[in-house]
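Colleague: I am new to this one and would like to go through it with you. Could you show me the model, please?
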Amino acid sequence: MKLTRRQFLKGAGAVAGTAVVGSALGVAADKVLAVKTDSTRSLPVDRVVRTTCSPNCTGSCGQLAFVRDGNIVKVQQAADYPDREYNPRGCMKGVSYHLLVHGPDRIKTPLVREGERGEGKFREATWEEVLDRIASEFKRIGDTWGWDSIHVFGQVPGSGYIQKGANYRACAALGMTHGTSFDFNGDLPMGMPITFGVQNAEHEAKDWANSRFLMLLGANPLETRIPDAHFLMDAVERGARMVVVDPTYSGTAAKADAWLQIKPGTDAALGLALCRQVIEDQKADWDFMRTYTDAPLLVRADNGKRLRAEDLAPGQARDPGPAAGVGLGGYGRKAPPVGTAPEIPGAAKPASDAPPPPVFVAWDTVRNEPVLIRTDRLGVPEGVEAALEGAFEVTLVDGSLVGVVPGFALVRGGLDAWTPDVAEQFTGIPANTIVRLAKEYSAERPAAVIMGGGANHWYHGDLTGRAFALLAALTGNIGRSGGGFSVYVGQYKVRVDTSPWWNLGDTKARVVPSVYFVRGRTETMNEKVPYPENGFKALFCTFANMFVQAMDVNRLHQTLDGCELVVVMDHQMTDTCRWADVVLPATSWYEKSDLTATPLHPFLQIQQPAIPPVGEAKSELWVWQEVVKRIDQALFEEHFNVTEQGAIEAILAKGGFTEGITMEQLQAGPVRLRVPDPDVAFVSQVEELIPFPPRSLPAALEATAAFIPTRRIE
Ligand code: SF4
C-alpha cells in the first residue's frame, strides 16, 4: 500500500498517541520505559535544550541540542510547532553544525595581527587588551575623521534581532555607519518595491500546499528550502501541477510534472509572453486589474506621467465619491462600508501641514468622461466602468488639451511584441510550450509563482520580477491563498518592530548601502544618504566573510588600505579574519540568547544557550557593551546596561505582530506571530481594500509607500 506523507504523519501521530495513553493507563508502560532506558544508555546527556538554528538560510528550524560535559553531542528537530504541518523541520546542515562549533577552525581567544594584513599571522591576546585598543582607536578615529567613518557590517539581521541588533544600536549610540546586507548580497527582488511598495512579501511555506498550479522560476526548494519542500509535494499529492523553469535539471525539476530549460537571464521574456497569451486567451481578470492595480489610471501623452486631479481644469473630471464597498467581482468582501477609508496598520498620523494624498483620474466608459480616483481605499466608485484601453483628451489647468490613455493600454502595447515565437528566440523554450504553459497556469486557481533569488543577481532582475508579478495580477492570484508571487531570498525579513532595541528613541543607525564601503564614492550616490565626509577609516565586521563574498573584492581592498583599524568578529577563522588587525572570538547560536523569525513560517522563536561559550568566545552584545563602556560610561549606563532578555521583552512590548506574546511563552516553544493563518501576502489589501503597501519592517510605511504613489499595484 502506498502512503502519502499526510497519511503517514497521521498514522504516526495516532501510534504515538496510543503509546502515551497506554503509558498513562499502565498498559504497555514497560515497553515505553524500556525504549527510554535504552536511549538513555546509548547516549547519556546532561541536558537537552530547545533552541533555534539561525543561519541566513531562512529555515529558522527549532532544534533540541543534547549536551554532555559542556559539548553538544547531538542535535535533532524540536518538532514542537503548534501547527503540525511544520513538524518536523530541519536539514543535515543544521543538525551537523555543532561539529563546526567544536571544530578545529573555531576561534577561541582574541587575536592581534603580527604580520602584514592578509598574512594570517596573529598572536593571542586578552579581552582587556583588544577592547582597550578598539575603544581607544575608535575614539581617536571618530574624533579625527568623524564617527561616520567607522563602518559596521553584519549579515542579515533577521536571523538574530538582538545580537545583530546590537550592531545597529551601537551605530545609533556612537554615530557609526552600518552597511545593508540588501545590496551586499544583491539577491533582493528589486521588482517588489517598485511594484508592491514592499521590500518583499511572500506566502508562508505551508500555503504552497493550497496551490492548484506551481510555477517555479530558478527556484530549487528541494535543495535550498529543505524543511519546506514537502509542501510542494503536498500540493502535487492533492492534484496540483508543478512546472519548473530552470536552466539546470535541478532536484526540484526532477520531481516536477514538467521541466522547461530556459536560457539563463531570459525569464522576463517568458513572463511577458505568458502575460500576452493570458490576455489573448481571454483569461485575464479585469476586475482584479481595475480594483487593485494602476491599470485604469490615465497617463498623459505629453510627459508620460499619471494624470492627477490638480492637473485638470476645474470641473473637468467628475467626482463620483469614494470607491465601492465591495470591489468588482466580489473582491473586498471584508472592506468597511462605502465612504469609510480602511484603517492602514502601521501608518503614522499625517502632519498637520502634510500635503493631501494624491488623487488620480480614470476614464468612465459608462458616461464617457474622466472620473477622480482616490488613494485612501482600493477599488473604483460604484457605477464607474474604468477604461483599460482607448485614447482620450482632457483639458489642463492652463486650458491646453492633452491626450491621455489608461496605464494598461501602454502595458498592452508593450506586450504585443512578446509573441510566443519571439519569446522562443530569447528563452529557447518552444513557442507551443509557452502557449501551453499560459493556458495551464491561467486555467487553475489558485496558481502560485515562486521565483528563486538567483534571478535577482542578473542585470534587470527587477524587470523579471515585474513581468511575473504582472502575470499573477492579471490572473487575480495576488492576495489569494495558494496563489501569489513569492521570492524567498534569505532571512532578510524583519518581522517584528525592533525599534525599541535597534534605535535610541528617534535616533537610528546611519544605514548606508554596502556599496559605499566596497566601491567608494561614485557620481550616482543618493545625496539623501550621505557618504562619510572623510571616507571610511575603520571596519567592524561581524559574522560576514566580507572579503570573499563582496561584489567587488578587488575594489574592497582599496578601501581596506585606507582603514586604520579592521576588527572582525566570527566563530570560524575565515579569509576575512586573515585581513583583520584584531579578531574577536564570537559565540555561535548554541552559546547565546537571541530572538529570531523567518519569512517561511510565522513563528517567533528564541535561541537559548545550550552550552557555555567555547573558549573565550563572547556575544556581539557583550562586546559592544564593553566597547561603549570604555568610550563613554554614561552612554553605556543609559543605553547598553541591558540583558538579552530585557531587549527581547522591549521588542515584545511594542505590540503589533507580537501582541500578547510573552517571554515565558517563547521559553516554552515557538509562538505564532499575530498574522492571519495562512499568512498570505497582500490579503488585507485584497479582502479589506486597504491601500498598498502593507508595512515592510523596519522601514516606515510612508518610506516604502513612496515607491507606489497610486497606493495600488503598479
Ligand atoms: S534548514 Fe537552515 S535553519 Fe533549518 S536546520 Fe537546515 S540550516 Fe538550520
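Colleague: Where is Pro-698 found?
Modeller: In this predicted model, Pro-698 is found in the loop between helix H27 and helix H28 (701–705).

Colleague: And which kind of peptide bond joins Leu-697 and Pro-698?
Modeller: The bond between Leu-697 and Pro-698 is cis, with omega about 5 degrees. Most peptide bonds are trans. The bond from Asp-677 to Pro-678 is cis as well, with omega near 0 degrees. Pro-678 sits in the loop between strand S24 (671–672) and helix H27 (683–688).

Colleague: Turning to backbone angles, what is the phi of Asp-69?
Modeller: Asp-69 has a positive phi of about 55 degrees, although Asp-69 is not a glycine. Most residues other than glycine have a negative phi. Asp-69 belongs to the loop between strand S2 (62–68) and strand S3 (71–77).

Colleague: Is Asp-69 buried or exposed?
Modeller: Asp-69 is exposed, at a relative accessible area of 65%. Ala-79 also has a positive phi, about 50 degrees, and is not a glycine. Ala-79 lies in the loop between S3 and helix H3 (92–96), and is partly exposed, with a relative accessible area of 36%.

Colleague: New topic: how is the chain divided into domains?
Modeller: The division gives domain 1 (1–42), domain 2 (111–187 + 493–603 + 611–665) and domain 3 (196–271 + 417–491). The centres of domain 2 and domain 3, taken over C-alpha atoms, are 36 Å apart. Their contact involves 14 residues from domain 2 and 17 residues from domain 3.

Colleague: What area is buried between domain 2 and domain 3?
Modeller: About 1200 Å² is buried there, with carbon and sulfur atoms giving 50%. Of the area that domain 2 buries against domain 3, Asp-187, Lys-493 and Leu-600 supply 53%, more than any other three residues.

Colleague: How many salt bridges does the rule find across that interface?
Modeller: The rule finds one salt bridge across the interface of domain 2 and domain 3. The side chains of Glu-202 and Lys-493 meet in a salt bridge at 2.7 Å, N to O. Four residue pairs are in polar contact between domain 2 and domain 3, both residues at pLDDT 80 or more.

Colleague: Lastly, which residues of helix H25 are buried?
Modeller: In H25 (residues 644–652), the buried residues are Glu-644, Ala-647, Ile-648, Ile-651 and Leu-652. Seen down the axis of H25, they fall within an arc of 140 degrees, so they line one face of the helix.

Colleague: What covers the buried residues of H25?
Modeller: The cover includes helix H6 (163–174), strand S23 (603–607) and helix H23 (620–631).

Notes
Residues numbered from 1 in each chain as written. Predicted model: local features only at pLDDT ≥ 70, side-chain atom pairs only at ≥ 80, totals over all residues. Heavy atoms only, no water. Buried < 20%, exposed > 50% of the residue type's maximum accessible area, 1.4 Å probe, protein only. Helix = DSSP H or I, 4+ residues; strand = E, 2+ residues; numbered from the N terminus. Arc of directions from axis to C-beta. Contact = heavy atoms within 4.5 Å. Domains from an automatic or database assignment. Buried area = accessible area lost by both parts, 1.4 Å probe. Salt bridge = Lys/Arg side-chain N within 4 Å of Asp/Glu carboxyl O. Polar contact = N/O pair within 3.5 Å; in protein donor to acceptor, adjacent residues only side chain to side chain.
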